[in-house]
Amino acid sequence: MNTLFQKDIYELFLKYFGRSTAEAYVGLYADKSEDFILLSITELLTEYLGKEKAQEEIDKLKKYL
Amino acid sequence: MKLKFSLFLFIFFLVSSAYVLGVEKHAIINQTLFLIFPIFATLTGLLAIKTYSLNNATGKSLFLITTGLFFWAVGEIVWYIFKNLLNIDPFPSIADGFFILGYPFIVIGLYKEFKKAHPKPTSLHRILPVSYMLIALLLTAIVLYFGVYSAYDSTAVFLNNMIAISYGIGDLFLIINLLFVLSMIQAYGGGRLATFWKAIILGFLLFLVADIIFAIYNIEYTENIKPYIYIDLLWMAGYLSLAYALLDNCLYIHKVKKRIQQL
């Protein structure tokens, strides 16, 4: 998986969910596909940030794919 | 685990009943109970800092907000000691210093969160509906009149006037904070984070209303006269609202972490 993409996901989780949750997410990189990761992030962020802000963050992430 | 809002309401009504039904000579019991709330709000702030850690923007903002709450809690405790244990008029005293010191920390903490939601230079009037701006203007006028203009006493010494007016100025900053928080609710739409900020805004709004009423009836309040003493209930509800928001958000973050681990 793209390192920049991984780093950005970590930063995103750190920003909104704190370090512990960000570190938990890093564990998923090893055996999950990018599509799965993106889908799960979209789901979590939409619930937490609302549709519009979540989409804004997802669009930023997609630049690294 | 889902935090029950009804539990917080129950606690509030329990202590409110003690205030309303209790006799005046038992006021010290109510005021002792009151201290639980600012301490609880500070503790939930510490839990929130632990959840986010200090190496990111939210953790740093929460640290500032919690520091402000801590100063307010110390102010409440010192006020309580002066009033109930030492039988000294708590105004003006070091307690006021702690209360006033809390404001800049909270203001800066909320501003940092606002910048996280709106990183580019943004004018509040472009984000917020006109009705919000009008309410803020009305509140500003009320605070300027009761909290600044009426707080000035030409017969009082400079220090007393400075402290009295500082509360009004702190509240003006609180109004600006409310606008920042409202803009965050707009930014986060219908998400869970918006709910968090709604509870925060309710908490600060309750503080603001309590401060305005206190500025008008501070003598009656200090003499434990009913119903003026019920101003405590507004401050108490404010602390509870902040504590609920912080705790509920922490529990939600833990839930998210568990969900991730189960993926």
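Author: Let's start with confidence: chain A has a mean pLDDT of 85, and 94% of its residues reach 70 or more (pLDDT is the predictor's confidence in each residue, from 0 to 100). This is a predicted model, so local features need pLDDT of at least 70 and side-chain atom pairs count only at pLDDT 80 or more, while totals for chains, interfaces and linings use all residues. Residues are numbered from 1 along each chain as its sequence is written, chains are lettered from A and ligands numbered from 1 in the order in which they are written, and side-chain values use heavy atoms, leaving out hydrogens and water.

Now for the close look, at helix H2 (27–52) of chain B. Helices here are DSSP runs of H or I, at least four residues, numbered from the N terminus. The 26 residues of H2(B), at 1.5 Å a residue, should span 38 Å, and the end C-alpha atoms are 39 Å apart, which agrees (the expected span is 1.5 Å times one less than the number of residues). Just after H2(B), B:Ser53 takes a positive phi of about 70 degrees.

H2(B) also gives seven residues, the largest share, to a nonpolar patch. B:Leu46 is one of the patch's residues and sits in helix H2 of chain B. With a relative accessible area of 47%, B:Leu46 is partly exposed (that's between buried, under 20%, and exposed, over 50%, with a 1.4 Å probe and protein chains only). Helix H3 (57–85) of chain B supplies at least two patch residues as well.

Terms used: Patches are made of residues with over 30% relative accessible area and no salt bridge: like charges are joined within 9 Å, nonpolar side chains (Val, Leu, Ile, Met, Phe, Trp, Tyr) within 5 Å. Accessible areas come from the Shrake-Rupley method with a 1.4 Å probe; for residues, only the protein chains shown count as cover. A salt bridge is a side-chain nitrogen of Lys or Arg within 4 Å of a carboxyl oxygen of Asp or Glu.
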